[in-house]
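Thank you all for making the time this morning. Please have a look at the model on the screen, and then I will talk you through it piece by piece.

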Amino acid sequence: MNAGILYLVATPIGNLEDMTFRAVKILREVDLIAAEDTRHTRKLLTHFEIHTPLQRYDEVTKVANGEKILAELLSGKNVACVSDAGLPAISDPGADLAKLAIESGVQICPIPGANAALSALICSGLDTTNFYFAGFLPKSAKSRKDILQKLSTQEATLIFYESPHHLLKTLAELKNFLGDRKISIARELTKLHEEFLRGKISELENKFGDEIKGEFVIIVEGYSGEEFSLPTEENFIDYCKNLIASGVDKKIAMRDTAKKFNLSRREIYNAMLK
Ligand code: SAM
């Protein structure tokens, strides 16, 4: 078979000096680069004087362009796949292309390099022998809750990706569903303002102001076997009732209870009605 090779190439997560010699060489030598965001990748290529043609390959175009890229590979062309940062296929496009290529018998070759999850893990001070990469939590409250409940007895160190916008909400949910565990928050890895915050969730959640900026990885200590009980319906009904008894308006009491226990207002409302 004269098919080409699909290279999955790591790119820097913030510091251009983390680009490897091999990544530059491969990106120069291949016939085509499949990139998550061609404008973003073009800047990287310009910096390293790489003139290889680019093809968009992201969540939106992965079906149509995946077939085109596969056709190029099958015709003998070598293709590199890159994402905006770090390893393609890790919370980024690339996994489907790799699968497609493997199913068609195309050879795949990793070009390792920067990765936010592992960089954060090795500097966390938490156990690195066993870890569980959870990536981004889903958007829906129910799915987040289901996942966190399942993870609550996972003994391996947990790794989460999070955007600045959702950081506080996620920390509150982690505390609610996993308990007030030790965590390490890695912020702006490899960049000028790189920072690690280590401590219990309750100690760190107050360290952020209103405007949170940067990129974050949250590393959470695994389950230690210590009993931790999730807030029960009784707990939050009591909390809400106490607020109302102390003179707080019913609506405000339900809103505050929902916030405190990280539940929806509807859940509180239904429980109170019962
Ligand atoms: N493929 C990437 C990798 O290998 O790490 C991950 C891409 S994912 C779309 C982006 C998320 O990774 C960010 O929201 C953040 O959680 C994490 N991340 C990426 N770069 C980072 C950095 N420099 N510092 C901290 N977290 C980072």
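Predicted model: local features only at pLDDT ≥ 70, side-chain atom pairs only at ≥ 80, totals over all residues.

Residues are numbered from 1 along each chain as its sequence is written, and side-chain values use heavy atoms, with hydrogens and water left out.

The protein chain has 11 helices and 10 strands, where helices (H or I, at least four residues) and strands (E, at least two) are DSSP runs, numbered from the N terminus. Its C-alpha atoms fill a box of roughly 75 × 35 × 35 Å, taken along the principal axes. Of the 274 residues of the chain, 42% count as buried; by that word I mean under 20% relative accessible area, with exposed meaning over 50% and partly exposed in between, using a 1.4 Å probe and protein chains only.

Now to the ligand, and which residues come nearest to it? Of the 19 residues around the ligand, those are Asp92, Asn115, Tyr161, Leu189 and Phe216, and a residue is near a molecule if one of its heavy atoms lies within 4 Å of it. An oxygen atom of the ligand is 2.7 Å from an N or O atom in the side chain of tyrosine 161, and a nitrogen atom of the ligand is 3.1 Å from a polar backbone atom of alanine 85. At phenylalanine 216, a polar backbone atom is 2.5 Å from an oxygen atom of the ligand. Strand S7 (157-162) and strand S10 (216-220) are the elements that give two or more residues to the shell around the ligand.

Let me move on to the cysteines. A search of the whole structure finds 0 disulfides, a disulfide being a pair of cysteine sulfur atoms within 2.5 Å. Cysteine 109, for instance, is in no disulfide, and the nearest cysteine sulfur, that of cysteine 81, is 13 Å away. Cysteine 109 counts as buried, at 15% relative accessibility, whereas cysteine 123 is partly exposed, with a relative accessible area of 32%.

Serine 152 lies in the loop between helix H6 (141-151) and S7. Is serine 152 buried or exposed? At 16% relative accessibility it counts as buried, and a polar atom of the serine 152 side chain lies 2.6 Å from the backbone oxygen of glutamine 149.

By contrast, glutamate 234, in helix H9 (residues 233-245), is exposed, with a relative accessible area of 59%.

Alanine 89 is found in the loop between strand S4 (79-82) and H4, and threonine 190 in the loop between strand S8 (182-187) and strand S9 (195-200).

Notes:
Polar contact = N/O pair within 3.5 Å; in protein donor to acceptor, adjacent residues only side chain to side chain.
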